[in-house]
Amino acid sequence: LGSCGLSNDVKPSHLRELSLSKNKSLTDAVKLLCSAMMHPNCRLETLRLSSCSLSEISCDSLGSALRSNPSHLRVLELSQNQLQDRSEATLWFSPGSSLLRDCSLSETSCDSVASALKSNLSHLRVLDLSANTLQDSGVKRLCSGLESPNCKLERLRLFCCSLSEISCDSLASALRSNPSHLRELDLSWNQLKDPGVKLLCGFLQDPLCKLETLRLKYCSLSEISCDSLGSALRSNLSHLRVLDLSGNQLKDPGSLLQLCGFLQDPLCKLETLRLRGCSLSETSCDSVASALKSNLSHLRVLDLSFNTLQDSGVKRLCSGLESPNCKLERLRLFCCSLSEISCDSLASALRSNPSHLRELDLSWNQLKDPGVKLLCGFLQDPLCKLETLRLKYCSLSEISCDSLGSALRSNLSHLRVLDLSGNQLKDPGSLLQLCVFSRILSVSWRLSEAQTCLPLKGQQTKGCSLSETSCDSVASALKSNLSHLRVLDLSFNTLQDSGVKRLCSGLESPNCKLERLRELDLSQNQLQDSGVKLLSDLVENPHYGLETLRQ
């Protein structure tokens, strides 16, 4: 890679992002790569080397490269390497973002991090130390850097670091000393509990606090924390835009009532509220609906996924969605025990107030084909501005493809992303329907699924049961001069080499406008070294303009 594009002597390289993650024994390769990074024509901005078993020698090489040519690299990801204390060389000359998640760092590593933050040479703006056992003693050491006037850190992520309420006290004290830069704080998956959040609220109440994003997922919080947060944020409401309390047992009714009351405060500017997996039930939806009806609400993104809302809960929620005061743009009800009845309620409510919603996620609900048919009533509304529709694992068949195709042909101007991953669409009729539809519509197809839904045990990673013959229909759509398709994901389908060969007849067409050829992901395939050698022309040839390569 160093010889084929990063260090071209004639003109600057086009490669901006390179991921070599999950490749082992890269010590010699990293040394060669670092040599290429030192070349003045190298324009690499993002380098990902997670899970590469990097050695101390690799860290030294990276440190040398960053010292000699630090002007272009913005993101360095070294997550899931056993760095321990070997990351010091890279931290001192780190680019704007250093991602050191799950690197076996301990409390003693925090001294090196703190020293880097105190330096007036530091460019660090994003620091991710998540999934390292820093403990409260480590955070206390880190805070000596955070409170320094030289620290310009904007995003701090300490996800799953074995912290308690003691760390909240240390952080609140340090950040009050230097509060004006931090914009995002993630303390998720730590046992902070209600007393910890109460201590943290001291920082939130500081008039100089500019925090915009606060993530406290799975922190063993109750409705008491909702009271503390509500009181603190009312006193300094002008900046917080994103609040994530997912995975805490907030239950009903007090906690959600308190939060939704906060949303109706005239000074509240909160735009995103995530309450995934908070043990909310159908009765919670009354409080949410009340907030959506308020003409004071700024809420734009609402995530209630992984709560047992059921059809009755969605019906209550719809009384807020249909209000003319509701400005919600993204609604996620992933895995909420819904059926086709909820599709009817949503279609009716959204037809009453269709102009704001841009994204709707109803994945992992048993909507089935009749549910999608009901939902199409909203999609056919001329005022519908929906851009993203996710219906993963909804027990759909080719019948839903027919319904969606008919509905979207009647109102084609806005939908950009359609995700039908994990439904048994099979071949060939359903895919042919979608291909005809894609000739007219700018759409991102996702007919794959790379993650499982944890609460639904026994489910396995799978696509849409497409085979090599499906590629003929896709190729036909790509060849059409009417196609606006920019992103195509067919992962986790048994296409085989013969299927990709058929697909290539579309890719080589001058009418093909697929943009993710700027990004090529061939992960989890048996390419071997000979296959990578064949791909090297893509990196070297400036006409291809390849920016991201994942292998």
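In which strand does arginine 157 lie? Arginine 157 lies in strand β6, residues 155-157. Strands are DSSP runs (E, at least two residues), numbered from the N terminus.

This is a predicted model: local features need pLDDT of at least 70, side-chain atom pairs count only at pLDDT 80 or more, and totals for chains, interfaces and linings use all residues. Residues are numbered from 1 along each chain as its sequence is written, and side-chain values use heavy atoms, without hydrogens or water.

**Arginine 157.** With a relative accessible area of 18%, arginine 157 is buried. Buried means under 20%, exposed over 50%, and partly exposed in between (1.4 Å probe, protein chains only). Arginine 157 touches several residues, including Leu99, Val126 and Asp186, not counting residues up to four places away in sequence. Contact means heavy atoms within 4.5 Å.

**Aromatic pairs.** The whole structure holds five aromatic pairs. Rings of Phe, Tyr and Trp (its six-membered ring) pair if their centres lie within 6.5 Å; planes under 30 degrees apart count as stacked, over 60 as edge-to-face and the rest as tilted. Two of the pairs are tabulated here.

| Pair | Centre to centre | Plane angle | Type |
|---|---|---|---|
| Tryptophan 189 and tyrosine 218 | 4.2 Å | 20° | stacked |
| Phenylalanine 306 and phenylalanine 334 | 5.1 Å | 45° | tilted |

Phenylalanine 306 is partly exposed at 25% relative accessibility, whereas phenylalanine 334 is buried at 12%. Tryptophan 189 is partly exposed at 43%. Tyrosine 218 is partly exposed at 35%. Phe306, Phe334, Trp364 and Tyr393 form one aromatic cluster.

Methods. Helix = DSSP H or I, 4+ residues; strand = E, 2+ residues; numbered from the N terminus.
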